[in-house]
Amino acid sequence: MGMEPGLAWDDGKSRGAPNLAPVGNLEFVSGMPPVGPEILIEATALDDVHRVAAAWRPSAAAEPAAKISAIAETHWNSRYFTAEPVPGVVVGFWESNNPQHGKPVALEGDLTAAGMRFAVVVARWNAVITDRLLQGALDVLLRSGARREDIEIVRVPGAWEIPAAARLIANRGAVDAIVTLGVLLRGETAHYEAIYNEVARGIGQSQQETGIPHAFGVLTCETLEQALDRAGLKMGNKGFEAGAAAIEMASLRKKVAAEQRNGPAAR
Ligand code: DLZ
């Protein structure tokens with residue numbers, strides 16, 4: 001049905017197994033008061049659902065009004081009513097009072113860098129650009145809560161040297177993520193394709209083999225102007241974006257480790 005399992009709950013009196021979809025939640029339950037529906041359907045506009053259910057009820061005039069209950073507050077911070085479209089089949093409809101409720105359960109990193117350590121490996125070649133990328137990366141790391149003394153800046157001659165330096169740092173440890181920054185200009189770089197392929201491959205390989213997130217902030221541009229646009233002018237600052245990706249991946253890594261220790265309840 002295209003749904004993902006949500007977090008099951010059990011409050012001692014009743015229990016449920018939610019199945020979440022981006023705009024819905026069909027839940028099989030037991031022990032629900034007062035008339036004991038076994039299916040709960042989450043709604044985003046409960047009053048409309050109540051109106052439609054009342055209008056749709058077959059031969060509405062003949063059916064007793066009790067077949068559809070009034071909307072009432074629940075003890076779980078929601079509003080709720082039940083309907084019995086077929087005798088013996090009771091369906092509960094509910095809407096949470098919390099607008100964040102029922103969002104799909106996702107494991108994702110956040111942008112909190114407090115307590116994390118970073119290395120920024122930055123090429124000196126095309127320094128007019130890479131200095132701006134570095135400022136962007138430092139900006140997001142510091143604004144997200146990293147301490148200046150927990151950010152190590154590692155300078156290398158050119159993009160070619162970035163993978164080896166990143167690998168040295170990753171092997172040494174004592175960092176939660178590495179940001180790599182450089183600029184390769186097609187017009188000015190002999191064997192441009194070969195070099196950027198190798199730089200990208202080497203950074204990716206270091207990340208995969210060490211398990212430490214490596215954010216990729218190596219620009220590959222046709223011209224200096226294009227590179228400037230990506231270093232704080234027309235097209236944002238790719239150093240800032242790489243820094244944000246490093247924080248998010250470091251955070252994700254910590255969360256996965258916490259789940260391994262404590263189980264998914266840590267989400
Ligand atoms: C040699 C070179 C050239 C031609 N172009 C660039 C470039 O556009 N961007 C960059 O970061 N580095 C360049 N380099 C230097 C190489 O990356 C490397 O530092 C040298 O070949 C020394 O190994």
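In this predicted model, I162, P163, A166, R167, A170 and N171 of helix α3 meet E198, V199, G202, I203, Q205, S206, E209 and T210 of helix α4, where contact means heavy atoms within 4.5 Å. The residues of this contact comprise six nonpolar, five polar and three charged; Ala, Val, Leu, Ile, Met, Phe, Trp, Tyr, Cys and Pro count as nonpolar, Asp, Glu, Lys and Arg as charged, and the others, Gly among them, as polar. The protein chain holds six helices and twelve strands, taken as DSSP runs (H or I of at least four residues for helices, E of at least two for strands) and numbered from the N terminus.

The model is predicted, so local features need pLDDT of at least 70 and side-chain atom pairs count only at pLDDT 80 or more, while totals for chains, interfaces and linings use all residues. Residues are numbered from 1 along each chain as its sequence is written, and side-chain values use heavy atoms, with hydrogens and water left out.

**The chain as a whole**

- Of the 267 residues of the protein chain, 40% count as buried; buried means under 20% relative accessible area, exposed over 50%, and partly exposed in between, with a 1.4 Å probe and protein chains only.
- Among contacts in the protein chain with a separation of 6 or more, 61% are made by residues 24 or more positions apart.

**Helix packing**

- Two packed helices are described by the angle between their axes and the distance between the axes.
- Helix α3 (residues 162-172) and α4 pack at an angle of about 10 degrees, and their axes are 8 Å apart; the axes are lines fitted to C-alpha atoms, for helices over the stretch in contact, and angles run from 0 to 180 degrees between N-to-C directions.
- Helices α3 and α4 are therefore roughly parallel to each other; angles under 35 degrees count as roughly parallel, over 145 as roughly antiparallel, 65 to 115 as roughly perpendicular and the rest as oblique.
- For helix α2 (residues 127-143) and helix α6 (residues 238-262), the axes come within 6 Å and cross at roughly 40 degrees, which makes α2 oblique to α6.
- The crossing of α2 and α6 is right-handed; a crossing has this hand if the near helix is turned clockwise from the far one by less than a right angle, and is left-handed if anticlockwise.
- On the α2 side, L133, G136, A137, D139, V140, L141 and R143 meet K238, G239, F240, G243, A244 and I247 of α6.
- The contact of α2 with α6 is made up of seven nonpolar, three polar and three charged residues.

**Aromatic residues**

- The structure has four aromatic pairs; rings of Phe, Tyr and Trp (its six-membered ring) pair if their centres lie within 6.5 Å, and planes under 30 degrees apart count as stacked, over 60 as edge-to-face and the rest as tilted.
- The pair of F81 and F93 is stacked, because the ring centres are 5.1 Å apart and the planes lie at 20 degrees.
- This pair links distant parts of the chain, with F81 in strand β7 (residues 78-86) and F93 in strand β8 (residues 89-96), twelve residues apart.
- Both F81 and F93 are buried.
- The rings of Y192 and Y196 have centres 4.9 Å apart and planes at 75 degrees, so this pair is edge-to-face.
- Both tyrosines, Y192 and Y196, belong to helix α4 (residues 192-210) and are four residues apart, about one turn of the helix.
- Y192 counts as buried at 5% relative accessibility, whereas Y196 is partly exposed at 28% relative accessible area.
- W76, Y80 and W94 form one aromatic cluster.

**Residues in loops**

- N77, in the loop between β6 (72-73) and β7, has a positive phi of about 60 degrees although it is not a glycine.
- The relative accessible area of N77 is 44%, so N77 is partly exposed.
- N126 likewise has a positive phi of about 60 degrees without being a glycine, and is found in the loop between β9 (118-123) and α2.
- N126 is buried, with a relative accessible area of 16%.
- D150 lies in the loop between α2 and β10 (151-156) and is buried, at 16% relative accessible area.
- Leaving aside neighbours within four places in sequence, D150 is in contact with M116, R117 and F118.
- S14 has its place in the loop between β2 (9-10) and β3 (15-21) and is buried, with a relative accessible area of 6%.
- Not counting residues up to four places away in sequence, S14 touches W9, S30, G31 and M32.
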